[in-house]
Amino acid sequence: MSPWNLLALPPLPEQAMRGLLAPLGDRVTLRVPASRDRDALLAALPGAEIVLGDWTGALVMDAEAVAAAPRLAFVQQPSVGVDGHDLAALAAAGVPLANTPGVSAAAVSEWCLAATLSLSRKLAEADAAVRAGKWPQQGLLPHELRGKRAGVIGYGPIGVMCADLLRALGCEVAYWTRTPREDPGYQDLDALVSGSDVVVVVIALSAETRGLVDPRRMKQGALLVNAARGGVVDQDALVEALRSGHLGGAALDVFETEPLPAADPLRDLPNVLLSPHVAGVTPESTGRLVTAVLDNLAAAVEGREVTGVVNGISPKISRKFTQSPIA
């Protein structure tokens, strides 16, 4: 059987990409776009049978891109999020889209815990004060987490691990997910948001979840931790709730626009911990990610079922022979 045409979109040098995909051997012919822009993506798609996605979201398989790839049989996204890809267009074309569920669960949940502790114990403020020559032992008023009510929005692998870590510290934990559950831990979203001392957001961004969390509805003095996507939280409402003192603080690894613009008001608020979308980036999670991607790509070209398909298409990858191979 001739090699599969694999188009790789991650922002890596071609030689680095070839090194990462070397275990696939001669089962694939690797190509990359001539440049990292939309025109180059569309020009490279007609011959692509497999697309390895771009984790930055700069190059995506939207409806136009799907239409430009008549031989496309499989898209493997090297991340949990599949933002920007048109799942319906891919499904209509019979193309399964798979992500890498669970690979960053430990990394993201640990970041959420660390961020919550930093906010509650006022670690950033204490550090800044000492560096400025101050010694505010009485003025910071940090709080313990033990005994506090924590609400987790999203209950996939990351949400489950967040809940476990918070329970281990003595928090009373509830969660909300889009599918209601007969579980004592499951709580209505409005009740969870308004009644929690800490709200941790780890749910995927979709049309249904965009603007899902309005921080102005949260409990007075509560803490918000967002490691999902910036669009899940109403960012204007967040700024308002922080400026007014309604929230006790926020820790944000994700933003509506990334990188965070220089003029964004979040930069000037003292009760916010800002992080450059790195909660899931550790050597350990990267290793799991590479393994998951390689395993799925090998399964695809060998005729085995892939895992992690998110758009409802059969996980058995079938080659499309409607056209002759394109060099």
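Colleague: What is the bridge partner of tryptophan 4 in S2?

Modeller: Valine 28 is the bridge partner of tryptophan 4 in S2. Bear in mind that this is a predicted model. S1 covers residues 4–8 and S2 covers residues 28–31, and the two pair in the parallel sense over four bridges.

Colleague: How does the chain get from S1 to S2?

Modeller: Through helix H1, residues 14–20. This β-α-β crossover is right-handed.

Colleague: And S3? How many bridges join S1 to it?

Modeller: Three bridges join them, and the strands run parallel. S3 is residues 50–52. Leucine 6 stands opposite isoleucine 50 there, and leucine 7 stands opposite valine 51.

Colleague: Are the residues of S1 buried or exposed?

Modeller: Buried, five of five. Both faces of the strand are covered. Trp4, Leu6 and Ala8 are on one side, with Asn5 and Leu7 on the other.

Colleague: What is the strand order in that sheet of five strands?

Modeller: The order is S2-S1-S3-S4-S5. The sheet is open, with parallel pairing. S2 and S5 stand at the edges with a single partner strand each, so one side of each has no neighbour in the sheet.

Colleague: Which strands does helix H10 lie across?

Modeller: H10, residues 283–302, lies across S1, S2, S3, S4 and S5. The helix runs at about 170° to S4, which is residues 74–76.

Colleague: Other sheet now. What order do its six strands have?

Modeller: S7-S6-S8-S9-S10-S11. This one is open too, with parallel pairing. The edge strands are S7 (172–176) and S11 (272–274). Each has a single partner strand, so one side of each is left without a neighbour in the sheet. From one strand to the next, the twist averages 15°.

Colleague: How many bridges pair S8 with S9?

Modeller: Four, in the parallel sense. S8 is residues 198–201 and S9 is residues 223–226. Valine 198 stands opposite leucine 223 in S9.

Colleague: What about helices? Which strands does H9 touch?

Modeller: H9, residues 235–243, packs on the sheet and touches S9, S10 and S11. Its direction makes about 145° with that of S10. Helix H5, residues 105–120, lies across S8, S9, S10 and S11. H5 runs at about 155° to S9.

Colleague: Is cysteine 162 buried or exposed? What about cysteine 171, buried or exposed?

Modeller: Cysteine 162 is buried, with a relative accessible area of 3%. Cysteine 171 is buried as well, at 8%.

Colleague: Next, asparagine 99. Where does it lie?

Modeller: In the loop between strand S5 (97–98) and H5. Asparagine 99 is buried, because its relative accessible area is 11% and the cut-off for buried is under 20%.

Colleague: What is asparagine 99 in contact with, leaving aside neighbours within four places in sequence?

Modeller: Gln76, Gln77, Ser79, Val80, Val82, Thr307, Gly308 and Val310.

Colleague: And alanine 40? Which helix is it found in?

Modeller: H2, residues 38–44. Alanine 40 is buried, at 10% relative accessible area. Leaving aside neighbours within four places in sequence, alanine 40 is in contact with Pro33, Ala34 and Ser35.

Colleague: How far is alanine 40 from valine 82, C-alpha to C-alpha?

Modeller: They are separated by 21 Å, and lie 42 residues apart along the chain.

Colleague: Last topic, the annotation. Which residues does UniProt list for the NAD-binding domain?

Modeller: The unreviewed UniProt entry lists 114–279 for "D-isomer specific 2-hydroxyacid dehydrogenase NAD-binding". That stretch is 27% helix and 15% strand, with its end C-alpha atoms 10 Å apart. For the catalytic domain of the D-isomer specific 2-hydroxyacid dehydrogenase, UniProt lists 24–311, also from an unreviewed entry. Residues 24–311 are 32% helix and 13% strand, and the end C-alpha atoms are 25 Å apart.

Key. Residues are numbered from 1 along each chain as its sequence is written. This is a predicted model: local features need pLDDT of at least 70, side-chain atom pairs count only at pLDDT 80 or more; totals for chains, interfaces and linings use all residues. Side-chain values use heavy atoms; hydrogens and water are left out. UniProt positions are given in the numbering used here, feature names are shortened, and annotations may be inferred rather than shown by experiment. Two strands pair if DSSP finds at least two bridges between them. Axes are lines fitted to C-alpha atoms, for helices over the stretch in contact, and angles run from 0 to 180 degrees between N-to-C directions. Contact means heavy atoms within 4.5 Å. Buried means under 20% relative accessible area, exposed over 50%, partly exposed in between (1.4 Å probe, protein chains only). A crossover is right-handed if, with the strands pointing away from the viewer, the path from the first strand over the helix to the second runs clockwise.
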